[in-house]
Every structure is written in C-alpha cells, then in structure tokens.
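Open the model in your viewer and keep the sequence panel beside it. The tour goes from selection to selection.

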Amino acid sequence: MDFISRKNKVTLEDGVVIKDYDKGNFLVELQILSKLKGVLPCPNVVDFDENQIVMNYVDGALLADYLEQAEREYNVKKASVAFEMLLNYLKKFYKITGFIYGDVNFKNFIVNTQLVGIDFEDAKVGVIKDELSEVLAFYLTYSPAFSIFKKEIYAVLLNQIKNIFAISIQNNDVAQQVKLIELRRKTTYSNNFLLI
C-alpha cells in the first residue's frame, strides 16, 4: 500500500513502512527519530540505508481525520483534548530536538492510545510562536474553513497555547499564516473571521 507524500515514496510492506527519499531530508529525519526514540512517541527505525528508512507501522487515525470527526459530531471536548495532546507533544519535541517541527500538518500525527508524530524531515531551527500560529492557521483553513465550530475551538486553542507555552498569539499572527496558506493554495478565504 502506498501513502500520499508530496516529496517521497512511502509504502507499507509486510507490516513496516518504507520511506524512500527523493527530495526529503533523510539525515534530519533519521537524527530526529534517534533523539525521540523511547522519549516521545514516534515510529521505531527498523533499518536504514542511503536515502531510505524502514520504520514500524503505527496504527490509528490521522489527527486530521480525528479532528474532522470531532467537528462532524460537534464534539468540542474531543477536539480540545486532541489539541492539548498535540501542543504537549510539540512542547516536548521542541525541548528534546531544539528544532521546530517544520511541517505541522495534521496528517503527520496519528491518534491511538496516545499521539504519535511521524514525518520529521522538515524539522529545522525556527520560531515556536510562528509555528504555533501556523498550527492555528492550518486548522482554520481545513475544510470547512472558518466554520462556527472552528471559531469555537480557535478560542480554546489560544488559551491552551497561552497555558502550555506562556505565549500569547494574536489574530494578526494567525492572519499572516493564513495569507501564506492562501498563496500556496492559490485561494482566498472570504469567511476569515480573523480580519473582522
């Protein structure tokens, strides 16, 4: 089975995930997986060679799907708990690695009994506040973009970020990240409540 990846070929064979790096940063991912092993939930490296990592398969729901389901159910608690797990994961990730995640796409996290991070090749030195603003922007722009439910969760997230990171994110911080997403996706979000 093949997984969707913009940069690499990722397949599931005989219970392991094989990631062949075409454009991705093989060495960064290998280094991050090594640092996180046994400390923060992530796939275990089974084997590797030049431009390929073989990892154990992690079963569960993608965080993107989990949050989509929470919205369909209008389950604020479920979404809030998932985001609290994500923010705590990121806080530990930053402390352990000294990097930001670099691609906090909700398809890079798996929810099972805990939150498991995957796809670390974009980890880099960066500004935590900017990445957290991007997390908020990603969430708001997932379909259905800027929904009433997302607006409610957005307020919860701002408080969670303030409590977990002692960082205060303003609407304009998130609006800047939304503009970058609009440019990448070649779209405009007319119902963007951040601009009100």
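Helices (H or I, at least four residues) and strands (E, at least two) are DSSP runs, numbered from the N terminus. The expected span of a helix is 1.5 Å times one less than its number of residues. This is a predicted model: local features need pLDDT of at least 70, side-chain atom pairs count only at pLDDT 80 or more, and totals for chains, interfaces and linings use all residues. Residues are numbered from 1 along each chain as its sequence is written, and side-chain values use heavy atoms, with hydrogens and water left out.

**Stop 1: helix H3**

Select H3. It has 22 residues. From first C-alpha to last it reaches 31 Å, close to the 32 Å expected at 1.5 Å a residue. Now colour by burial: buried means under 20% relative accessible area, exposed over 50%, partly exposed in between (1.4 Å probe, protein chains only). Buried residues of H3 include Phe83, Leu86, Leu87, Leu90 and Phe93. What do the buried residues of H3 pack against? Show helix H1 (26–36), H2, strand E7 (109–111), strand E8 (115–117), H4 and H5. Contact here means heavy atoms within 4.5 Å.

Stay on Lys78, one of the buried residues of H3. Its relative accessibility is 16%. Lys78 forms a salt bridge with Glu73, with the closest N and O atoms 3.5 Å apart. A salt bridge is a side-chain nitrogen of Lys or Arg within 4 Å of a carboxyl oxygen of Asp or Glu. Glu73 is partly exposed, at 43% relative accessible area.

**Stop 2: helix H4**

Move to residues 128–141, helix H4. This helix has 14 residues and reaches 20 Å from its first C-alpha to its last, close to the 20 Å expected. Is H4 enclosed or open? Eleven of its 14 residues are buried, so H4 is largely enclosed by the rest of the structure. Among the buried ones are Leu132, Val135, Leu136, Phe138 and Leu140. The cover includes helix H2 (63–72), helix H3 (76–97), helix H5 (148–165) and helix H6 (171–185).

Next, pick Lys129 and Asp173. They form a salt bridge, the closest N and O atoms being 3.5 Å apart. Lys129 lies in helix H4 and Asp173 in helix H6, so the pair ties together parts that are 44 residues apart in sequence. Lys129 is partly exposed at 30% relative accessibility, whereas Asp173 is buried at 16%.

**Stop 3: the strands**

Select strand E5 (residues 52–56) with strand E3 (residues 16–20). They run antiparallel, joined by five bridges. Two strands pair if DSSP finds at least two bridges between them. Find Asp20: its bridge partner in E5 is Gln52.

Val45 stands opposite Met55 in E5. E4 and E5 form a hairpin with two residues between them. In the turn, Asn51 has a positive phi of about 65°.

**Stop 4**

Go to Lys19 and Glu121. Their side chains meet in a salt bridge (2.9 Å, N to O). Glu121 lies in the loop between E8 and H4 and Lys19 in strand E3, so the pair ties together parts that are 102 residues apart in sequence. Both residues are buried. The count for the model comes to eight salt bridges.
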